[in-house]
Amino acid sequence: MRVLKNPVFLMACLLFWINQYLEKVQGIFIPFVHAYLDDLLAMPVVLGITLQVFQWIHPLKASFRFTKVQVLVGWLYFSLLFEVLLPRWSAQYVADPWDVLAYGVGAVLFYRFINK
């Protein structure tokens, strides 16, 4: 199944879009959702888009999948960048270990339901 037709990927994109719309356009902030939903959805959305691009350009086409190590590297990259490095460089970012957990749960959801 192509990534762009995967129901879990589509749901993650839709939830992300709805949350951004409510926050940016409507000014509606639900505290727990505001704090963690985007982090939870980041890995399924970003890795899903990346997987789709790889399937377009890789010789294996639709049978190309990310390995567990590749997904782990994606999770570590996001965690390091957004929870360690950026908070040190800019006051706009705040380190939150719960975000690292949310990225991890999102990576597992991606690996289990989208990367199949």
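User: Which residues are buried in α1?

Analyst: This is a predicted model, in which local features need pLDDT of at least 70, side-chain atom pairs count only at pLDDT 80 or more, and totals for chains, interfaces and linings use all residues. Residues are numbered from 1 along each chain as its sequence is written, and side-chain values use heavy atoms, with hydrogens and water left out. Helices are DSSP runs (H or I, at least four residues), numbered from the N terminus, and buried means under 20% relative accessible area, exposed over 50% (1.4 Å probe, protein chains only). By that cut-off, the buried residues in α1 are F9, A12, N19, Q20 and E23.

User: Which exposed residues sit on the face of α1 turned away from its buried side?

Analyst: The buried residues of α1 pack against α2 and α4. The face turned away from that buried side carries exposed residues, P7 and W17.

User: Which residues does N19 touch?

Analyst: N19 belongs to helix α1, residues 7-24, and is buried at a relative accessible area of 6%. Contact means heavy atoms within 4.5 Å. Not counting residues up to four places away in sequence, N19 touches V33, L37 and D38.

User: How far apart in space are Q52 and R2?

Analyst: Q52 is in helix α2 and counts as buried at 1% relative accessibility. Leaving out residues up to four places away in sequence, Q52 touches R2, V3 and L4. Q52 and R2 are 50 residues apart in sequence, and their C-alpha to C-alpha distance is 7.2 Å.

User: Which helix supplies the largest share of the lining of the largest pocket?

Analyst: A pocket is an open set of points on a 1 Å grid over the protein atoms alone, where a 1.4 Å probe fits, with protein on both sides within 12 Å along at least five of seven lines; lining residues have an atom within 4 Å of a point. Of the 20 lining residues, D38, D39, Y93, D99 and Y103 are the closest to the centre of the largest pocket. Helices α1, α2 (31-57), α3 (68-89) and α4 (97-114) each supply at least two lining residues. The largest share, eight residues, comes from α2.
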